Amino acid sequence: MKQFDPGSMIQDFLVFGEFGDVNPSITDSSTFTFMSPEKMEELFDHEIEGCFLYSRHWNPINKYLSDALARMEDSESAIVTSSGMSAISSTIFQICSSGDEIIASRTIYGGTYALLKNFLPKLGINVKFVNITDLEAVKSAITPKTKIIYTESMSNPLLEIADIPELSFISKSNNLKLVVDNTFSPMIISPIILGADVVVYSLTKFANGTSDCVAGAVCSTNEFIHELTDINSGASMLLGPVLDSYRAASILKNLHSLHIRMKKHSENGIYLATEIEKLGFNVFYPGLISHRQHNLMNELMNEGFGYGGMLAVDAGTSQNADKLMFKMQENHVGYLAVSLGFYKTLFSSPGHSTSSEIPKEEQIAMGLSDGLVRISVGLDNNIHTSFERIVKSMEETGLLEKVHH
Ligand code: PLP
């Protein structure tokens, strides 16, 4: 386990608003005044600390949120974006040009998978999907055209753990950039500390935690964030995925309780995973001894935040999964909804989207079943009651009886 404490890093993040406000003022301007034309010219030439030009480039509240995230990740710098997808696409467009290649984990969020598989080839960027836990497969996919190794720290939907230090070694030895999506495990895993070059986030999920907006972030070196925001060539400046400043202000406030929320998500997550496994179901959760990368997870995780709030349960068939989720909603376990990291429990069936590349035998060997129910465990005060409601739902759908035969 690592001793790094992202919670204390956020705790130490203290900014004063315009009038000493305890929450920094929300930037309510798209543009900023200059006291002299020379200063404006200078800012066009290079960024000046504390000086703002135009809100799509930078504005004070977005800068505060970015700085807080950089602290949390222990990266030199960060920039917030209007969505997780724009954080991912800006990063890729900044690094890759036509003719380049990316090596990507084959078990990633469906939207990222679709971007990489369907969209990037239109721009001449080709992607090889690999089993990211097979380091030999990663190495043999590298060619002189490769620019990026792309992975999620905890994969979707089986919660496989990427060996970030090993992937970092491979990428550094080949002059590549290791880009890690840490959306499922903020505070729990610190990819920059483990050797990643760029960390991307969908802030829409745990980081914000209230499912009231869509937002993203890129954390990396000063150099890379400068490249992204360059007035003449930066993807985040020129493609324009700016985060609205009202949203940046509300996410910053929520970020200050993230350490408490992650601990509670994890406490509830391990309880449900353990109890559901005891019923005889195949459960995927990195905190379970039965999880394939349980030991690796123990090595990589920061101490004190647990194993996270995401788990997957195999209900056998997609029909069983549908019936179970319907009953779980009826019995007030939570909501049948996509997304994750909310204070309420959310569940959905990951379906086939990102699994289509994986040969059927491998899908079976991995435990990637059509009947998977992905659960994002909420901040329930009484998780025992939630478990009883899940059991009731399993009984009402006849699943409990089936699993015992
Ligand atoms: N990365 C992961 C792991 C996700 O789960 C998601 C969305 O579900 C995204 C990225 C995309 O983020 P957004 O919806 O904020 O664009």
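Me: Where does the ligand sit?
Reply: This is a predicted model, with local features needing pLDDT of at least 70, side-chain atom pairs 80 or more, and totals for chains, interfaces and linings using all residues. Residues are numbered from 1 along each chain, and side-chain values use heavy atoms, without hydrogens or water. A pocket is an open set of 1 Å grid points where a 1.4 Å probe fits, with protein on both sides within 12 Å along at least five of seven lines. With more than half of its atoms within 2 Å of such points, the ligand sits in the largest pocket.

Me: Which helix gives the largest share of the shell around the ligand?
Reply: The shell has six nonpolar, five polar (Gly counted here) and three charged (Asp, Glu, Lys, Arg) residues. Helices are DSSP runs of H or I, at least four residues. Three shell residues, the largest share, come from residues 84-95, helix H4.

Me: Which residue forms a salt bridge with Lys39?
Reply: A salt bridge puts a Lys or Arg side-chain nitrogen within 4 Å of an Asp or Glu carboxyl oxygen. The structure holds twelve. Because the two partners are three residues apart in helix H2, about one helical turn separates them. At 3.8 Å between closest N and O atoms, Lys39 pairs with Glu42.

Me: Which residue is joined to Pro157 by a cis peptide bond?
Reply: Pro157 is in the loop between strand S4 (strands are E runs of at least two) and helix H7. Most peptide bonds are trans. Here omega is about 0°, and the partner is Asn156.

Me: What is the phi of Asn175?
Reply: Asn175 lies in the loop between H7 and strand S5. Most residues other than glycine have a negative phi. Asn175 is not a glycine, yet its phi is positive, about 60°.

Key: On a 1 Å grid over the protein atoms alone, a cavity is a set of points where a 1.4 Å probe fits but cannot get out, and a pocket is an open set with protein on both sides within 12 Å along at least five of seven lines; lining residues have an atom within 4 Å of a point.
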